[in-house]
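Dear colleague,

Please find below the structure that I am handing over to you. My notes on it follow directly after.

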Amino acid sequence: MSAQTLVSQLKHGLDAPICLTWELTYACNLACVHCLSSSGQRDDRELSTAEAKRVLDELKALQVFYINIGGGEPMIRRDFFELLEYSIGNDIGVKFSTNGAFIDQAKAERLAAMDYLDIQISLDGLDAVTNDAVRGEGSYALARRAMDNLAAANFGPFKISIVVTRHNADQLDGFKALADSYGAQLRVTRLRPSGRGVDTWPELHPTNLQQHQIYRWLLANGDNVLTGDSFFHLNALGESLPGLNMCGAGRVVCLIDPVGDVYACPFVIHDQFKAGSVRDPGGFATVWKESALFEELREPESAGACTSCGSYDACQGGCMAAKFFTGLPLDGPDPECAQGHAEQALLAIDRAVVPAPSLDHSKPTPVRLGRKPVPVR
Amino acid sequence: MTEQPTLDLALELDPQVAVRPEPFGALAYHYGNRRLVFMKHPDVVAVATALSEHDSLAATLTACGVTEARWPSFEKAIVSLMESHVIRQRAQPRVQATARSSDRASDDRGDRSVSGGEQEIQ
């Protein structure tokens with residue numbers, strides 16, 4: 001079976017996701033300007049420990065190999081370690097994303113003693129000025145301290161996770177060197193206009209010139225760098241990047257949010273992409289297998305305005321979430337179409353009618369992008 | 001790696017690998033190196049999961065009813081699965097208790113340093 005046939009089969013969906021993202025809480029100690037889930041304050045309806053364990057029981061029965069835990073800041077949950085141990089004890093590997101604020105020496109040692117656990121420390125700048133403009137004052141120091149603690153505890157190769165922006169796109173070599181210095185693995189993912197990113201994406205997303213740079217850098221370094229398969233829109237530029245290079249939303253991945261709602265992917269927390277809840281009578285499995293939304297996402301997609309473009313097979317029209325939250329039609333070019341096919345459409349969008357995320361858990365204090373650290377070319 | 005022909009080897013699924021049946025074959029996930037492998041043919045899945053019950057790959061192919069004309073393609077598929085650490089050579093050629101594919105060794109933290117092939121879906 002060729003790779004192409006496999007991808008077309010995967011597009012019809014699987015009986016269970018290969019992996020899924022589970023955001024444990026909307027509470028967060030930080031207030032990043034691009035937060036995909038507009039996190040800040042805990043939601044009263046968040047899943048209890050018992051409910052969360054029931055979901056893990058279901059995922060075990062479905063043979064989901066691993067889950068990506070996020071938030072919010074997942075370590076804020078009092079039962080964080082209990083859920084971690086329950087998951088790993090049930091053959092569900094865990095990779096969790098954290099800002100690192102709660103990884104002191106003792107926690108680092110506890111984490112290092114666990115098997116089948118990956119940790120991703122988020123960092124969005126190679127220096128405090130670049131990072132803190134996006135993630136908040138002091139966040140760079142917290143992340144580096146967590147990395148130092150994990151290294152001292154001999155955790156092994158943790159991951160350093162970068163969201164590529166206009167301000168850090170020129171620092172990729174530096175991030176790689178930083179990861180190498182810790183024996184860590186670098187992970188770079190695409191900035192989406194989701195959550196609070198709806199407001200900050202226009203000034204934070206990489207320029208077209210930078211996108212070409214990112215593509216060339218990934219081609220040269222991609223085998224040793226994780227990307228969450230998030231840059232497949234750049235395949236329009238030529239040779240394919242490593243990965244499945246398809247949108248997995250509702251087909252091979254999905255999101256469970258802190259209150260148990262199931263969305264097609266972590267970047268589309270909006271009612272239009274909500275498939276159901278793990279609290280529904282049939283639980284997660286029924287949502288995954290029977291929701292009308294997921295069935296629709298598993299149908300062949302229409303190339304729409306991209307039909308006449310020779311690159312469509314390579315880029316697949318890009319990211320559904322990126323189109324949705326910039327107000328573009330879903331069957332047309334990605335807002336960061338490498339061929340520039342979305343530029344006119346983006347200019348014509350009335351910002352007032354761009355869909356807003358359905359939920360906002362931001363703290364009452366306004367979240368603003370900090371001082372711009374790097375002159376934009 | 002041994003000089004022995006692959007057909008003569010006593011093989012088994014790596015104990016850190018879980019296999020999940022899928023319409024196209026199966027998904028294999030290696031908990032140690034975090035690699036996800038797509039096994040794209042149901043017959044190969046049947047052979048791979050039966051390896052531990054037989055003394056050699058050849059014996060497994062016979063037991064699974066694979067005609068000899070198809071052996072070269074199966075041998076190629078099994079070699080490829082050995083390269084991705086889904087299948088490994090068995091320490092003892094004698095058949096032990098049937099290994100369950102979901103069993104995992106717990107004393108192998110060292111494996112976590114293997115990272116080159118890790119694939120991320122999300």
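**Sheet, helix pair and backbone details**

In chain A, strand β1 (residues 19-23) and strand β7 (residues 255-256) run parallel and are joined by two bridges. A:T21 has A:L255 as its bridge partner in β7(A). Please note that the model is predicted.

Both strands belong to an open sheet of nine strands in chain A, with mixed pairing and the order β6-β5-β4-β3-β2-β1-β7-β8-β9. Because β6 (185-190) and β9 (274-277) of chain A each have a single partner strand, they stand at the edges, and one side of each is left without a neighbour in the sheet.

Two helices of chain A also pack together: α2 (residues 49-61) and α3 (residues 80-89) have axes 10 Å apart, at an angle of about 20 degrees. Angles under 35 degrees count as roughly parallel, and α2(A) and α3(A) are therefore roughly parallel to each other. Their contact brings A:T49, A:A52, A:K53 and A:L56 of α2(A) to A:E82, A:L83, A:Y86 and A:S87 of α3(A). By class, this contact of α2(A) with α3(A) has four nonpolar, two polar and two charged residues.

Some loop residues of chain A deserve mention. The peptide bond between A:G71 and A:G72 is cis, with omega about 15 degrees; A:G72 lies in the loop between β2 (66-70) and α3 of chain A. A:D91, in the loop between α3 and β3 (93-98) of chain A, is not a glycine, although its phi is positive at about 65 degrees. A:D229 likewise is not a glycine and has a positive phi, of about 55 degrees. A:D229 counts as buried, with 22 C-beta neighbours inside 10 Å.

With kind regards

Key: Residues are numbered from 1 along each chain as its sequence is written. Chains are lettered from A and ligands numbered from 1 in the order in which they are written. This is a predicted model: local features need pLDDT of at least 70, side-chain atom pairs count only at pLDDT 80 or more; totals for chains, interfaces and linings use all residues. Axes are lines fitted to C-alpha atoms, for helices over the stretch in contact, and angles run from 0 to 180 degrees between N-to-C directions. Helices (H or I, at least four residues) and strands (E, at least two) are DSSP runs, numbered from the N terminus. Angles under 35 degrees count as roughly parallel, over 145 as roughly antiparallel, 65 to 115 as roughly perpendicular and the rest as oblique. Two residues are in contact if their C-beta atoms, placed from the backbone, lie within 7 Å. Ala, Val, Leu, Ile, Met, Phe, Trp, Tyr, Cys and Pro count as nonpolar, Asp, Glu, Lys and Arg as charged, and the others, Gly among them, as polar. Two strands pair if DSSP finds at least two bridges between them. A residue is buried if 20 or more other C-beta atoms lie within 10 Å of its own, exposed if 12 or fewer, and partly exposed in between; C-beta atoms are placed from the backbone.
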